[in-house]
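Have a go at each task before you read its solution.

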Amino acid sequence: GEVYASREGCQQGDPLGPLLWSFGYHQALLEMQARSPDSICLAYLDDTYCLDVSPVAACAAAAAGEDATDDLCGVTSNQKKQEVYSPTGDLSFLPAAVRGSPHHADGRLLVIKGL
């Protein structure tokens, strides 16, 4: 087969990739939690979860995380990969690109995906 050179980041499947990502992302997670002290911010590698009683507060925590990640890591979040779940909260403020938004083509999410 053809050989493809990696010019940026780690090659797919490199066992050090997740470790290096975690080192770089850790400070952004700390900043996200500091900006949203009432929310619970969890992450497994590049999957980040913001939990709060209020969907608006949870989304604000996620937005703070996006800003911190962009500022500190130079990584821009892809809204098409974001998901929001709330069994009862009003999510009409969400942009249509975010899964779970009532404006998204898939509509409101019925369950939250597990880790």
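## Exercise 1: Salt bridges

A search of the whole structure finds 2 salt bridges, a salt bridge being a side-chain nitrogen of Lys or Arg within 4 Å of a carboxyl oxygen of Asp or Glu. This is a predicted model, in which local features need pLDDT of at least 70, side-chain atom pairs count only at pLDDT 80 or more, and totals for chains, interfaces and linings use all residues. Residues are numbered from 1 along each chain as its sequence is written, and side-chain values use heavy atoms, with hydrogens and water left out.

**Task.** Find which residue forms a salt bridge with E31, and work out how the two are placed in the helix.

**Solution.** 
- Step 1: The partner of E31 is R35, and their closest N and O atoms are 2.9 Å apart.
- Step 2: Both belong to helix α1 (residues 17–35), where a spacing of 4 residues separates them by about one helical turn. Helices here are DSSP runs of H or I with at least four residues, strands are runs of E with at least two, and both are numbered from the N terminus.
- Step 3: Check the accessibility, where buried means under 20% relative accessible area, exposed over 50% and partly exposed in between (1.4 Å probe, protein chains only). R35 is partly exposed at 38%, and E31 is partly exposed at 27%.

## Exercise 2: Extending the network

**Task.** Which parts of the protein does the pair D71 and R35 tie together?

**Solution.** 
- Step 1: The side chains of D71 and R35 meet in a salt bridge, 4.0 Å from N to O.
- Step 2: D71 sits in helix α2 (residues 55–73) and R35 in helix α1, so this pair links parts 36 residues apart in sequence.
- Step 3: D71 counts as exposed, with 57% relative accessibility.
- Step 4: Through shared partners, the salt bridges join E31, R35 and D71 into one network.

## Exercise 3: How the helices pack

**Task.** Describe how α1 and α2 are arranged: at what angle do they pack, and how far apart are their axes?

**Solution.** 
- Step 1: The angle is about 140°, and the axes are 8 Å apart. Axes are lines fitted to C-alpha atoms, for helices over the stretch in contact, and angles run from 0 to 180 degrees between N-to-C directions.
- Step 2: α1 and α2 are therefore oblique to each other. Angles under 35 degrees count as roughly parallel, over 145 as roughly antiparallel, 65 to 115 as roughly perpendicular, and the rest as oblique.

## Exercise 4: Along the chain

**Task.** Which pattern does the protein follow along its sequence, and where do Y44 and H104 lie?

**Solution.** 
- Step 1: The protein has 2 helices and 2 strands, and its pattern along the sequence is α-β-β-α.
- Step 2: Y44 is in strand β1 (residues 40–44), where Y44 counts as exposed at 56% relative accessibility.
- Step 3: H104 lies in the segment after α2 and counts as buried at 16% relative accessibility. H104 and K80 are 24 residues apart in sequence and 9.9 Å apart in space, C-alpha to C-alpha.
- Step 4: For the protein as a whole, 25% of its 115 residues count as buried.
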